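Dear colleague,

I am handing over the structure below, and after it I set out what was found on going through it. Please read the notes with the model open beside you.

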Amino acid sequence: MVELEVREPYRIWVRFDNGAEGVIDLSDSAALGGIFSQWSNQDFWRSAHIVADSGAVAWGDGSEIDVCPLSLYLDVTGQTFEDLRAEAPTAGSA
């Protein structure tokens, strides 16, 4: 992931290094409550950032809440994990 823009409420826009981009709605996660209830604090919500070593989107100090970049990529592209596995070259193929 190379770019992130925080949108309101509970939406982020992301762009990946292959050019895939889009808005992701995280309101379903926010509705779960628990740790995600922190997102109702607008200052905390706006603290979203890309974690350099993992590409995850994180809030707070980075260990409080983070979202896996693969999950975000699948949301943006509409693909499933199985779709990505099918596209991946198999061992020994050239």
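A word on exposure has to come before the rest: a residue is called buried under 20% relative accessible area, exposed over 50%, and partly exposed in between. Please also keep in mind throughout that this is a predicted model.

Because Glu-3 belongs to strand β1 and Arg-15 to strand β2, the pair ties together parts of the chain that are twelve residues apart in sequence. A search of the whole structure gives five salt bridges, and another of them joins Glu-5 to Arg-7, with 2.7 Å between the closest N and O atoms. Glu-5 is partly exposed at 37% relative accessibility, and Arg-7 is partly exposed at 31%.

Arg-46 also takes part, forming a salt bridge with Asp-43 in which the closest N and O atoms are 3.8 Å apart. Here Arg-46 is partly exposed, with a relative accessibility of 49%, whereas Asp-43 is exposed, with a relative accessible area of 62%. Through salt bridges that share partners, Glu-8, Asp-43 and Arg-46 are joined into one network.

The strands come next. Three of them make an open sheet in the order β1-β2-β3, with antiparallel pairing, and the edge strands are β1 (3-7) and β3, each of which pairs on one side only. From one strand to the next the twist averages 20°. Between β2 and β3 the antiparallel pairing extends over five bridges, and Trp-13 has Val-23 in β3 as its bridge partner. Helix α3 lies across β2 and β3, and runs at about 105° to β3.

Since Phe-16 lies in the loop between β2 and β3 (21-25) and Tyr-73 in helix α3, the pair ties together parts that are 57 residues apart in sequence. Both Phe-16 and Tyr-73 are buried.

The rings of Trp-39 and Trp-59 have their centres 4.9 Å apart and their planes at 55°, so this pair is tilted. Trp-39 lies in the loop between α1 (27-31) and α2, and Trp-59 in strand β5, so the pair ties together parts that are 20 residues apart in sequence. Trp-39 is buried, its relative accessible area being 0%, and Trp-59 is buried with a value of 0% as well.

Both tryptophans also belong to one aromatic cluster, which is formed by Tyr-10, Phe-36, Trp-39, Trp-45 and Trp-59. Within that cluster Tyr-10 may be worth a look on the screen. Tyr-10 is placed in the loop between β1 and β2, and is partly exposed, with a relative accessible area of 23%. Its phi is near 60°, a positive value in a residue other than glycine.

Definitions and conventions. Residues are numbered from 1 along each chain as its sequence is written. This is a predicted model: local features need pLDDT of at least 70, side-chain atom pairs count only at pLDDT 80 or more; totals for chains, interfaces and linings use all residues. Side-chain values use heavy atoms; hydrogens and water are left out. Helices (H or I, at least four residues) and strands (E, at least two) are DSSP runs, numbered from the N terminus. Buried means under 20% relative accessible area, exposed over 50%, partly exposed in between (1.4 Å probe, protein chains only). Rings of Phe, Tyr and Trp (its six-membered ring) pair if their centres lie within 6.5 Å; planes under 30 degrees apart count as stacked, over 60 as edge-to-face and the rest as tilted. Two strands pair if DSSP finds at least two bridges between them. Axes are lines fitted to C-alpha atoms, for helices over the stretch in contact, and angles run from 0 to 180 degrees between N-to-C directions. Contact means heavy atoms within 4.5 Å. A salt bridge is a side-chain nitrogen of Lys or Arg within 4 Å of a carboxyl oxygen of Asp or Glu.
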